[in-house]
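Here is a short briefing on one protein. Look at the structure first, then read the points below.

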Amino acid sequence: KKTDFSKDSSDYIVAFMLFFLRPALDKGNQLKSFTDFDLPPDFDSARSFGAPIRGSDKCNQESECLQFPSYMRLLKSKWYEEGFADKYGQGSNNVTFDVLVTSETKDIME
């Protein structure tokens, strides 16, 4: 039988996933301490981009290996394409936003 995921059922699915995927209290506290340490006090997730950069299995094998400045140019371009500059920076070129970079490859992070 095919399941129908309507708006009403999707709310229950989200609630179910949030409940079952929540970390245990001690792990939640550990995650909180990591974010408190790693993120600036004025961090605003609405004015930020995440950049998970895979390197070990992608770079020069499945795709071109970009240099870090290339990733930053791509993120800046995306910021303007999605209208965030107009929303948060009145369209000026002096818009600032946080970029969270993660990678399993040390070379990319240096």
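Lysine 32 and aspartate 36 lie four residues apart in helix 2 (residues 25–38), so about one helical turn separates them. Their side chains meet in a salt bridge, at 2.9 Å from N to O. This is a predicted model.

**Charge pairs**
- The count of salt bridges comes to two.
- Lysine 32 is partly exposed, at 48% relative accessible area.
- Aspartate 36 is also partly exposed, at 49%.
- Lysine 78 forms a salt bridge with glutamate 82, and their closest N and O atoms are 3.0 Å apart.
- Lysine 78 counts as partly exposed at 37% relative accessibility, and glutamate 82 does too at 46%.
- Side chains of opposite charge can pair when their charged atoms come close.

**Overall layout**
- The protein has five helices and two strands.
- Along the sequence, the pattern reads α-α-β-α-α-β-α.
- Of the contacts between residues at least 6 apart in sequence, 71% join residues at least 24 apart.

**Surface and burial**
- Buried residues make up 13% of the 110 residues.
- The accessible surface is about 9100 Å², and 56% of it belongs to carbon and sulfur atoms.

**Nonpolar core**
- The largest nonpolar core has seven residues: Phe49, Ala51, Ile53, Tyr71, Leu75, Trp79 and Ala85.
- Strand 1 (48–52) and helix 3 (68–81) each give two or more residues to this core.
- Helix 3 gives the most, with three residues.
- Leucine 75 touches Phe49, Ala51, Phe97 and Val99, leaving aside residues up to four places away in sequence.
- In soluble globular proteins, nonpolar side chains tend to be buried together.

Terms used
Residues numbered from 1 in each chain as written. Predicted model: local features only at pLDDT ≥ 70, side-chain atom pairs only at ≥ 80, totals over all residues. Heavy atoms only, no water. Buried < 20%, exposed > 50% of the residue type's maximum accessible area, 1.4 Å probe, protein only. Contact = heavy atoms within 4.5 Å. Areas by Shrake-Rupley, 256 points an atom, 1.4 Å probe, with all protein chains shown as cover. Core = buried A, V, L, I, M, F, W, Y, C linked by side-chain atoms within 4.5 Å. Salt bridge = Lys/Arg side-chain N within 4 Å of Asp/Glu carboxyl O.
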